[in-house]
Amino acid sequence: MFGRHPLPRSFKYLLTVGLVLWFVGLLSFPLLKDFTLVGGIPSTLLYMWCLQVAMWVVAVLGIVVWLRGGP
Amino acid sequence: MVGELERTVNAAVVLIYMVAMVVVGYLAGRVTRRTAEDYYLMSREVRFVLLMFTYIATLQSMVAFLAATASYMTHGVAYLILPVSQGMLMTFLTLLLGWRYREFARQHGIISQGELVYYRYGTRLGQVLVGLAGYLFNLAYIGIQVVGMAYILWALGVMDYYAAVALVGGITLVYVLMGGLRAVVWSDFIQGILMLLFFLVVGISILVPLGGVSGVLSTAYNYKPDLFRLPGPARFYTDSVYVTTYIILPLGIWLSPHLFVRHYFAKDRRSLVGIPAGILLSQAIMWVFIAPLLGSVAEAILGPVKQWPIARSDLAIPYLLMKFAPWWLVGPVLVGAVAAGMSTVDSQMLAEAQLLIRDVIEPVIKRRLTDEESIRYGRLIIAVTSIIAFVIALFPPPLIIDLMVGIAFAGFAQFFPALVLGMLTERINKYGVIAGLVAGLGTVAAIQTYQLVYRVGPIGYFMGVHNGAWGLLLNVPLTLVVSHLTRGRR
């Protein structure tokens with residue numbers, strides 16, 4: 001169970017970035033209390049969409065790196 | 001509202017789909033070998049594409065297909081914390097731990113969630129706790145899904161409510177009994193594709209006539225600007241609700257028994273990636289863009305919910321479809337919604353048998369059942385569990401259902417120290433895990449009982465904090481402290 005499962009360094013970086021993004025989402029509630037319009041889109045919605053897309057990018061890169069060099 | 005021709009065509013489409021599911025179950029049953037590992041885990045040989053679609057179909061239930069839009073209608077942008085908190089975190093959890101679960105399960109012949117606790121910590125009590133808690137929380141969900149599917153078929157005039165409960169529940173039961181996991185996986189493959197495809201069709205056929213993204217948003221924020229700021233139109237998402245829901249939901253969902261066991265049957269490491277791929281793909285299609293847009297505009301187009309023919313917010317998609325799409329599209333969309341429900345229920349039924357057989361019955365009688373006994377008793381458990389769930393669906397007691405749904409993810413999240421932390425470090429031992437599980441599950445149950453007895457709402461939250469967070473607040477420190485104090489003891 002606890003045998004060594006070496007993870008590529010790049011995966012660890014992505015994991016760290018992912019965790020930071022996750023905590024950004026967790027602590028984002030003050031930014032969502034009011035909105036302005038940005039190109040016709042409410043800023044709160046746009047912010048959550050951007051955060052979600054950033055998380056997807058990190059997650060997909062994580063999958064690719066894990067497949068190429070993971071356990 | 002619905003003409004005779006439309007009703008007949010919609011019913012025919014749904015019935016054809018049901019027959020197709022039975023055929024899948026029959027064909028799967030013909031090739032299923034008579035071993036427990038094959039019946040419950042398809043001999044651990046599920047490849048990438050099948051694993052991806054079975055995970056999608058199981059993860060995205062009736063809630064995703066219909067109620068997500070309703071929830072965005074009620075809570076607005078706040079509800080985006082569901083996908084934002086889950087997708088990436090669940091992906092990394094699977095990449096970090098899913099592989100270990102898979103290896104460990106193969107090494108020890110593990111089939112159920114609780115067995116992992118036994119083989120990791122050597123505690124039968126911990127195994128039984130996980131098995132029983134998983135079984136009870138899952139049971140309510142099966143009932144909820146059947147209620148949802150029957151309700152939608154009845155509300156749109158396809159068939160009588162009781163006939164719908166019998167049909168939907170009965171068909172699912174039949175193909176699970178016949179083919180075990182092989183039937184579940186192959187039907188999930190079909191149901192997952194139907195669900196995603198029809199959800200896209202729904203989105204496009206409603207959003208395009210409304211002027212696309214910009215048209216929908218300008219209508220929505222002129223109608224109800226609270227949709228785009230916290231705490232949302234229902235004033236529910238306070239700071240503490242936001243933070244604790246964000247933490248509990250991804251853990252509770254990822255640790256649900258019927259999803260968790262999917263790590264066990266990936267054929268190899270490449271196949272395992274089907275799980276995160278399924279999470280991300282289904283989120284992108286169902287949760288992040290289409291559902292929030294439909295939810296934000298539904299009341300602006302259809303008027304307040306209480307003025308709808310049937311005043312239920314989860315009927316927003318069918319009513320929007322009737323307004324903007326051709327009538328013949330309603331039947332296929334119904335199939336998509338029913339597919340979403342059935343594909344979750346089938347996996348839950350199978351998981352219930354796994355939990356009771358391996359985590360409760362075998363530890364109690366102190367012997368391993370033979371393959372034949374395991375399949376026979378498993379089928380019996382599936383049938384009995386289904387009957388209980390169908391009775392819940394026939395006479396839905398709203399308070400109890402709300403109660404169970406409210407605590408389900410709160411309960412599953414209590415497995416976090418045992419099944420996540422304990423898999424990352426050897427410092428956690430069985431004493432810590434048992435103490436944590438008892439404290440966490442006990443706290444959730446106690447708060448929920450208090451809320452039920454004294455009618456203190458909302459269900460699932462106490463003093464503005466998710467009940468699962470109250471449980472983890474005791475569970476995690478207790479697991480760590482007791483493990484530290486009892487280190488070195490066997």
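Analyst: Leaving aside residues up to four places away in sequence, Pro318(B) touches Leu156(B) and Val330(B). This is read from a predicted model. Pro318(B) itself belongs to helix H15 of chain B, which covers residues 316-324. Is Pro318(B) buried or exposed? A residue is called buried if 20 or more other C-beta atoms lie within 10 Å of its own. Pro318(B) has 21 C-beta neighbours inside 10 Å, and therefore counts as buried.

Leu156(B) leads on to the wider setting. Besides being touched by Pro318(B), Leu156(B) is in contact with Leu334(B). Leu334(B) and Leu153(B) are both among the residues with the most contacts inside the largest nonpolar core, a set of 205 residues. Also in that group are Val146(B), Met149(B), Ala150(B), Val168(B) and Leu294(B). Helix H8 of chain B, residues 161-207, contributes the most to this core, with 22 residues. Both domains of chain B take part, since domain 1 (4-396) and domain 2 (398-490) each supply at least three residues to the core. In general, nonpolar side chains of soluble globular proteins tend to be buried together.

The two domains may now be considered as a pair. Over C-alpha atoms, their centres are 24 Å apart in chain B. Their contact involves 32 residues of domain 1 of chain B and 30 residues of domain 2 of chain B. On the domain 1 side, at least two residues come from each of H5, helix H6 (113-121), helix H7 (124-155) and H10 of chain B. By class, that side has 20 nonpolar, 10 polar and two charged residues.

Chain B as a whole contains 21 helices and two strands. Its radius of gyration is 22 Å, close to the 23 Å that the globule rule gives for 490 residues, so chain B is as compact as a globular protein of that length. Along the principal axes, its C-alpha trace spans about 65 × 55 × 45 Å. Of the 490 residues in chain B, 60% are buried. Among the contacts in chain B with a separation of 6 or more, 83% join residues 24 or more positions apart.

With a radius of gyration of 16 Å, well over the 11 Å that the globule rule gives for 71 residues, chain A is more spread out than a compact globule. Buried residues make up 30% of the 71 residues in chain A. Where the chains meet, 33 residues of chain B and 33 residues of chain A form the contact. On the chain B side, H5(B) gives the most, with 12 residues, and by class that side has 22 nonpolar, five polar and six charged residues.

Some backbone details of chain B also deserve attention. Leu230(B) and Pro231(B) are joined by a cis peptide bond, with omega about 10°; Pro231(B) lies in the loop between H9 and H10 of chain B. Met42(B), although not a glycine, has a positive phi of about 50°. This residue is in the loop between helix H2 (36-41) and helix H3 (48-59) of chain B, and counts as buried because it has 24 C-beta neighbours inside 10 Å. Met463(B) also has a positive phi, of about 55°, without being a glycine. It occupies the loop between strand S1 (461-462) and strand S2 (465-466) of chain B, and with 8 C-beta neighbours inside 10 Å it counts as exposed.

Finally, there is the matter of confidence. The mean pLDDT of chain B is 88, with 97% of its residues at 70 or more. Within chain B, confidence is lowest in helix H18 (residues 398-412), at a mean of 67, and highest in helix H21 (residues 467-485), at 96. The model scores ipTM 0.94 and pTM 0.93.

Methods. Residues are numbered from 1 along each chain as its sequence is written. Chains are lettered from A and ligands numbered from 1 in the order in which they are written. This is a predicted model: local features need pLDDT of at least 70, side-chain atom pairs count only at pLDDT 80 or more; totals for chains, interfaces and linings use all residues. Two residues are in contact if their C-beta atoms, placed from the backbone, lie within 7 Å. Helices (H or I, at least four residues) and strands (E, at least two) are DSSP runs, numbered from the N terminus. Ala, Val, Leu, Ile, Met, Phe, Trp, Tyr, Cys and Pro count as nonpolar, Asp, Glu, Lys and Arg as charged, and the others, Gly among them, as polar. Domain bounds come from an automatic or database domain assignment. The radius of gyration is taken over C-alpha atoms; the globule rule is 2.2 Å times the number of residues to the power 0.38. A residue is buried if 20 or more other C-beta atoms lie within 10 Å of its own, exposed if 12 or fewer, and partly exposed in between; C-beta atoms are placed from the backbone. A nonpolar core is a set of buried Ala, Val, Leu, Ile, Met, Phe, Trp, Tyr and Cys residues joined through C-beta atoms within 7 Å. pLDDT is the predictor's confidence in each residue, from 0 to 100.
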